[in-house]
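The entries follow in the order I made them.

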Amino acid sequence: MRPDWFYTPDDQLCQVIDTQTLWGETICRVWLPGTDTILRVTASRLRPLPEAGLATADYIAYLAAAARVADALTRDILLAPLDASVIPLPHQIRALSRAVSGDRVRYLLADEVGLGKTIEAGLIMRELKLRGLVRRTLVIAPKGLVTQWVAEMRTHFGEEFRLLIPSDFSFYRRIARDENLWQSHPQVICPLDSVKPLDRRRGWSREQVAEYNRERFEELVSAGWDLIIVDEAHRLGGSTEQVARYKLGLGLAEAAPYLLLLTATPHKGKTDHFRRLMSLLDAQAFPDEESVSKERVRPYVIRTEKRCAIDADGKPLFKPRRTELASVLWEDRHREQRLLYQAVSDYVREGYNQALREKRSYIGFLLLLMQRLVASSTRAIRTALERRLEVLEIPEEQLSLFPELSDEDWAEMDGQEQMETLLGVRLRALKNERAEVKLLLETAKRSESRASDAKAEALLDWIYRLQAEEGDPNLKVLVFTEFVPTQEMLHEFLTERGFEVVCLNGSLDMEDRIRVQDAFAREARILISTEAGGEGLNLQFCHVVINYDIPWNPMRLEQRIGRVDRIGQTHPVRAVNLVLRGSVEHRVLEVLEEKLAVIFEELGIDKT
């Protein structure tokens, strides 16, 4: 049967878009223009238009709608923007146009933070649905973003998505008869980490792991999706081809003909990671690291830079941005802090070498973290040393195993998460470690009691300097730190000097987060946030960011500044990176610059 117009058994006008013959019976996929839905109907139940008799009002309406769609498709007119409640920006229209310009809709949507990749994905989905190419859509997103996806799809596109949480499947099975719960709704959203496959789990049998993978992963990828959208898709690149998130990516890549990978930061400076991500779009085009180049990557990437984005009137969407490096020096009054840094560095160096000899890599993680903590603040290293000493006082038979963490899991953690993980585990001591930690703790307490941290004083100087340069004594400043103890110290330090300060970190629930953001929008002048606290923030009313600690991952640095560098920002954005001279932070900066150079070479993005 050729694609043509018919009536369904209940007298609705439809167009046949696909046919399949199974066991001698022909099944048609038909599109109903009146309700914009796609159904499966046996061919024998469809009636040709001549049999329909005289035209009815519904017939004329349906025929007119179908004619408009057919005419639009022949003229390459985009249907989704006419249908959406949101008015797309020019770069979003370009992204939609390019995505549907060919038969192969498999792209990396890599617009910078704040340019509306969710809107672009929604437009592409609607366009494919209106053209009769998509019925079943799956959205995979980080846990903290799934409800936002549900709301935006409903608000902007009138699309209803079912939020499925695998941990609730036992409840779902009581009300749904579907053997495969992923097939219970045509449009589904679920959290990314809830569906990645397991190799093993401590205390589980092989059968338990197999059942877990069957229900969460295998049934998911075999549920018959037309389109799959993955938000924060850089997480699928993994640290190796063996890690769970990459295996999830491979399964999703083969589970649907159409695939959209959304991320503002697709490249973190490592070619192997970026190659794995690109291979999900086209495994043949990216078989090895040598295949990765700007020219090879370009056809698969849809990206708009903030400084190139314009509004409907052709005016720039974003103000200019200025980033500065501020080198912090130890003065004579910081002698105790400098001695503490040197002592911790010696402890780390000796302990790290011992950990390598004894093949105890997790102790190496802890020691490297100590180096970052002492560069952050005396409060941070003092807190860590106190917690480590508590563990060292515990009898050895009560010590616990290190949690099962892959390099991927470790790299995904921010500084505070790493601190909580390592210091929350009772790890066996290195030789003479208890005595060394006691001495370091005494030094930290002495340093903390005698003078303020050098970086804290530099932060204060920069706040006053920026107030003068911006001509605003009530200037709002967003400060990022890696660690909660440093956050607490800075809150006390700035409050004592007359500033109204609020704090955000991962321990706050949604109600408290909203309260803090409202306070910063009104009376508070300084918001101090950790990495976890900054997720999902939209702070266009502030235009100054100070990175008190530098993250190891260049993607995180960009995401921090993106909290204020967004559509609606009315001032040029200022970003200041504080770096303690002669500390591990200088090495962090070197690593960041090396990674940014690789990103430019392979993706063409220049963030140096």
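At what angle do the axes of helix H4 and helix H5 cross, and within what distance do they come? I noted first that this is a predicted model, where local features need pLDDT of at least 70, side-chain atom pairs count only at pLDDT 80 or more, and totals for chains, interfaces and linings use all residues. I also noted that residues are numbered from 1 along each chain as its sequence is written, and that side-chain values use heavy atoms, with hydrogens and water left out.

**Entry: H4 and H5.** I found that the axes of H4 (residues 117-130) and H5 (residues 146-157) cross at roughly 60° and come within 11 Å. Helices (H or I, at least four residues) and strands (E, at least two) are DSSP runs, numbered from the N terminus. Axes are lines fitted to C-alpha atoms, for helices over the stretch in contact, and angles run from 0 to 180 degrees between N-to-C directions. The angle makes H4 oblique to H5; under 35 degrees counts as roughly parallel, over 145 as roughly antiparallel, 65 to 115 as roughly perpendicular and the rest as oblique. I looked up the contact (heavy atoms within 4.5 Å): residues of H4 including Ile 119, Leu 123 and Met 125 meet residues of H5, among them Trp 149, Met 153 and Phe 157. The contact of H4 with H5 divides into seven nonpolar, three polar and two charged residues. Here Ala, Val, Leu, Ile, Met, Phe, Trp, Tyr, Cys and Pro count as nonpolar, Asp, Glu, Lys and Arg as charged, and the others, Gly among them, as polar.

**Entry: H18 and its partners.** I read H17 (residues 454-470) and H18 (residues 484-495) as packing at about 50°, with axes 11 Å apart. That makes H17 oblique to H18. Ala 456, Glu 457, Leu 459, Leu 460 and Ile 463 in H17 meet Met 489, Leu 490, Phe 493 and Leu 494 in H18. I counted eight nonpolar, no polar and one charged residues in the contact of H17 with H18.

I then turned to H13 (residues 378-392), which packs with H18 at about 135°, axes 7 Å apart. Arg 379, Ala 380 and Thr 383 in H13 meet residues of H18, including Met 489 and Glu 492. The contact of H13 with H18 has three nonpolar, two polar and three charged residues.

**Entry: the sheet.** I found an open sheet of seven strands with parallel pairing, in the order S8-S9-S7-S10-S11-S6-S12. Two strands pair if DSSP finds at least two bridges between them. S8 runs parallel to S9 (residues 187-191), joined by two bridges. Arg 162 has Val 188 in S9 as its bridge partner.
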